[in-house]
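Please look at the sequence and the structure together while reading the report that follows.

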Amino acid sequence: MTDHLPPTLGLERDGLVALLALNRAEKRNALDDRTILGLAAFFRNLPDGVRAVVIHGCGDHFCAGLDLGEVTGETDLFKGILHSRMWHEAFRAIQFAAVPVFTVLHGAVVGGGFELAAASHIRVAETSAYFALPEGQRGIFLGGGGSMRIPRLIGVPMVQDLMLTGRTLSAEEGHRMGAAQYLVPVGEGRAKAVELAHKAAGNARMTNYAVLQALPHIAESSPEAGLFTESLMAAVAEATPEAQERLRAFLEKRARKITPG
Ligand code: 1HE
């Protein structure tokens, strides 16, 4: 799989966890086409044995968004639509990956970088992170699914504020508003994300899969359709041999109890 990654993506392995690096620090990890295609290919065909993925950025920033050089001079409307659809495919592959995806946010998390973060499941922000949607200043628009995903995190009014006024959210503000679930000191994001990824990787595979695939659909369904889908998913999960073994382990006092904090 590593053979198929572009040089702008780096891959490391920590047991069940794959660490995928945005590796273009000299351009602040701006996302060019080869990187977007590389992300899509990676998430569609995860390396064997990977149970969680952590995406992080090399250098001082998570990601400066779309590589503006790639759209400068491009006025073909049809190509523009296909370009955005390519981003949609890649970020959809992340959102609906077979395993949970964590992002480590530091420095600039802007434009397409914010869209990428929003496609992941768990965002860990270092206090250096800042969130911005400078599309208005550049004369472009969101194109990587941000209009759909970012309002679900921080609400339409806040997205409109960022886009209309150029407002930047600090890590603390972003954390408070739901842009990131975790806020950690500078330099600690990667370790925290890896720790969380290992926890998730230790869950039953079917439950994780249901959390990633079924839960978002159920949450957006009509109540009746959602409840019925939930029942189907619950029955599928509990019938797996892994669930049966985990249930027995608890009753036979071989499993960890839940602890507060
Ligand atoms: C880039 C890009 C980029 C940096 N495309 N080349 N995104 C933006 O509007 C953000 C634009 N970038 C910035 O505001 C700043 O670069 C940062 C705040 C992220 C970082 O600042 P700094 O001082 O650390 O770096 P720099 O000196 O500005 O940039 C270093 C190099 O990276 C420089 O190139 P060089 O050849 O002069 O060394 C920059 O030109 C280059 N660079 N960001 C191309 N984005 C699917 S639609 C999504 C829509 C969007 O993403 S809109 C937001 C676009």
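Around the ligand there are 24 residues, of which K27, R28, A64, G112 and R138 come nearest, where a residue is near a molecule if one of its heavy atoms lies within 4 Å of it. The model is a predicted one, in which local features need pLDDT of at least 70 and side-chain atom pairs count only at pLDDT 80 or more, whereas totals for chains, interfaces and linings use all residues. Residues are numbered from 1 along each chain as its sequence is written, and side-chain values use heavy atoms, with hydrogens and water left out.

Pairs of N or O atoms within 3.5 Å are called polar contacts; within protein, one atom must be able to donate a hydrogen and the other to accept it, and residues adjacent in sequence count only if both atoms are side-chain atoms.

| Residue | Protein atom | Ligand atom | Distance |
|---|---|---|---|
| R28 | polar side-chain atom | oxygen | 2.8 Å |
| L68 | polar backbone atom | nitrogen | 2.9 Å |
| R138 | polar side-chain atom | oxygen | 2.6 Å |

Taken alone the ligand exposes 1,000 Å², and the protein buries 65% of that, the accessible areas coming from the Shrake-Rupley method with a 1.4 Å probe and, for residues, only the protein chains shown counting as cover. Two or more residues of the shell come from each of β5 (108–110), α3 (112–119) and α4 (135–138), these elements being DSSP runs numbered from the N terminus, with helices (H or I) of at least four residues and strands (E) of at least two. By residue class, the shell around the ligand divides into 11 nonpolar, 6 polar and 7 charged residues; here Ala, Val, Leu, Ile, Met, Phe, Trp, Tyr, Cys and Pro count as nonpolar, Asp, Glu, Lys and Arg as charged, and the others, Gly among them, as polar.

The phi of R28 is near 55°, a positive value in a residue other than glycine. Most residues other than glycine have a negative phi. K253, in the segment after α11 (241–251), also has a positive phi, near 60°, and is exposed because its relative accessible area is 75%.

In soluble globular proteins, nonpolar side chains tend to be buried together.

Leaving aside neighbours within four places in sequence, F43 is in contact (heavy atoms within 4.5 Å) with L20, V53, I55, A93, I94, A97 and V101.

Which residues does I94 touch, not counting residues up to four places away in sequence? They are F43, I55, V101, L116, A119, S120 and H121. I94 is found in helix α2 and is buried, because its relative accessible area is 0%. The C-alpha atoms of I94 and H121 are 8.7 Å apart in space, although the two residues are 27 residues apart in sequence.

Q95 is also found in helix α2 and counts as buried because its relative accessibility is 18%. The side chains of Q95 and R149 are joined by a polar contact of 2.6 Å, and, with neighbours within four places in sequence left aside, Q95 is in contact with A119, H121, R149 and L212.

In helix α9 (residues 205–220) lies N208, which counts as buried because its relative accessibility is 12%. Beyond four places in sequence, N208 touches P100, A200 and N203.

Technical notes. Buried means under 20% relative accessible area, exposed over 50%, partly exposed in between (1.4 Å probe, protein chains only).
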